[in-house]
Amino acid sequence: METEGIALIVDEPIAGHFYWVLQKQDGSDCRPIDAAEGPMPTYGAAMMAGIAALQRRQDARGGVSTLH
C-alpha cells in the first residue's frame with residue numbers, strides 16, 4: 001500500500017492573518033497541493049481548518065482515517 005506524505009503548514013505572512021497550506025514532498029522539493037482561500041484570525045483556527053482539509057482529502061480518496 002502506497003502512502004502519501006503530506007505536511008500541514010500554518011503561515012502568518014501578515015501579523016494576525018494565518019493561512020494553512022498542504023504540501024507534498026516531490027523529490028527534494030515540496031509543492032503546495034491545497035491552501036486556505038482567505039486568512040484565519042488565529043493559528044489554532046488555521047490549524048483546525050487545515051486538519052479538516054486533510055481529512056476531506058483522505059475521505060475523497062476512500063482511505064481509512066486515523067484523525068479523530
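Me: Which strands does α1 lie across, and which of the residues of α1 are buried?

Reply: This is a predicted model, in which local features need pLDDT of at least 70 and side-chain atom pairs count only at pLDDT 80 or more, while totals for chains, interfaces and linings use all residues. Residues are numbered from 1 along each chain as its sequence is written, and side-chain values use heavy atoms, with hydrogens and water left out. The pLDDT is the predictor's confidence in each residue, from 0 to 100. The chain averages 86 on this scale, and 85% of the residues score at least 70. Confidence is highest in β1, at a mean of 95, and lowest in β3, at 91.

The chain holds 1 helix and 3 strands, and from the N terminus on its elements run β-β-β-α. Helices (H or I, at least four residues) and strands (E, at least two) are DSSP runs, numbered from the N terminus.

The 3 strands form an open sheet in the order β1-β2-β3, with antiparallel pairing. Because β1 (6–14) and β3 (29–35) stand at the edges, each with a single partner strand, one side of each is left without a neighbour in the sheet. Neighbouring strands of this sheet are turned by 45° against each other on average, direction ignored. Two strands count as paired if DSSP finds at least two bridges between them. Strands of a sheet pair through backbone hydrogen bonds, either parallel or antiparallel.

Between β1 and β2 (residues 17–26) there are 7 bridges. Leu-8 has Leu-22 in β2 as its bridge partner, Ile-9 has Val-21, and Ile-14 stands opposite His-17. The two strands form a hairpin with 2 residues between them, and Gly-16 in the turn has a positive phi of about 85°.

Helix α1 (residues 43–60) lies across β1, β2 and β3 and runs at about 40° to β2. Axes are lines fitted to C-alpha atoms, for helices over the stretch in contact, and angles run from 0 to 180 degrees between N-to-C directions. The helix has 18 residues and reaches 26 Å from its first C-alpha to its last, close to the 26 Å expected at 1.5 Å a residue; the expected span is 1.5 Å times one less than the number of residues. After α1 comes Gly-62, whose phi is positive, near 75°.

The buried residues of α1 are Ala-46, Gly-50, Ala-53 and Gln-55, and the buried residues of the helix pack against β1, β2 and β3. Here buried means under 20% relative accessible area, exposed over 50%, and partly exposed in between (1.4 Å probe, protein chains only). An α-helix has 3.6 residues a turn, so residues three or four places apart point the same way.

Ala-46 gives a detailed view of this packing. Its relative accessible area is 0%, so Ala-46 is buried. Leaving aside residues up to four places away in sequence, Ala-46 touches Val-10, Phe-18, Tyr-19, Trp-20 and Met-40, a contact being heavy atoms within 4.5 Å. The C-alpha atoms of Ala-46 and Ile-9 are separated by 9.2 Å, although the residues are 37 apart along the chain.

Leu-8 shows the packing from the strand side. This residue lies in β1 and, with a relative accessible area of 23%, is therefore partly exposed. With residues up to four places away not counted, Leu-8 touches Trp-20, Val-21, Leu-22, Met-47, Gly-50 and Ile-51. The C-alpha atoms of Leu-8 and Gly-50 are 6.6 Å apart, with 42 residues of separation along the chain.

Totals for the chain complete the account. Residues 24 or more positions apart account for 30% of the contacts with a separation of 6 or more. Buried residues make up 15% of the 68 residues. The accessible surface comes to about 4900 Å², of which 54% belongs to carbon and sulfur atoms; areas come from the Shrake-Rupley method with a 1.4 Å probe, and for residues only the protein chains shown count as cover.
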